[in-house]
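Student: Can we go through this protein together? I'd like to begin with one residue and then step back.

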Amino acid sequence: MTTAKGTIKHNNWDEQPYHDSKVQKGTIARIDIVFSGDLTGDARTAYAMAYNEGGATCHYAGHLLFEGKLGAKSGSFTIFEQGVYEGGTATSSWDIVAGSGTGDFAGITGSGSYAATHDNTVHYTLNCNLK
């Protein structure tokens, strides 16, 4: 098993509502992400986000398509991410989508996580098995 650690930076956050009422808000967010550290590369994302009244809590889920390198290996893979924003912190869990790896990442499996505040830089950990 390989443990990858580093940072991700969220750029170009585009979030559009698909439902907005006094007590609920639903949005779709598309975000460009830059990975640094053990994983280097870029990712495109799409998340469904559900906010409670006032936006104090948000549950979200979606996919992150990573394209880049881990050490000397390169290719792409998809991560399914789900999490919750509450109390000023976003806590996410990641699962690599089975069969999504390309190039040197063919057959990759694994999971990871991060916790983030509003400073726009996030520290991640991804535990993965490379074939």
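**One residue, then the whole**

Tutor: Leaving aside neighbours within four places in sequence, threonine 78 is in contact with His63, Leu64, Leu65, Asp95, Ile96, Val97 and Ser100. Contact means heavy atoms within 4.5 Å. This is a predicted model: local features need pLDDT of at least 70, side-chain atom pairs count only at pLDDT 80 or more, and totals for chains, interfaces and linings use all residues. Residues are numbered from 1 along each chain as its sequence is written, and side-chain values use heavy atoms, leaving out hydrogens and water.

Student: Where does threonine 78 lie?

Tutor: In strand S5, residues 73–86. Strands (E, at least two residues) and helices (H or I, at least four) are DSSP runs, numbered from the N terminus.

Student: Is threonine 78 buried or exposed?

Tutor: Buried, with a relative accessible area of 18%. Buried means under 20%, exposed over 50%, and partly exposed in between (1.4 Å probe, protein chains only).

Student: What share of the 131 residues counts as buried?

Tutor: 35%.

Student: New topic. How many helices and strands are there?

Tutor: Zero helices and nine strands. The radius of gyration is 15 Å, close to the 14 Å from the globule rule for 131 residues, so the protein is as compact as a globular protein of that length. That radius is taken over C-alpha atoms, and the rule is 2.2 Å times the number of residues to the power 0.38.

Student: And what does the C-alpha trace span along its principal axes?

Tutor: About 50 × 25 × 25 Å.
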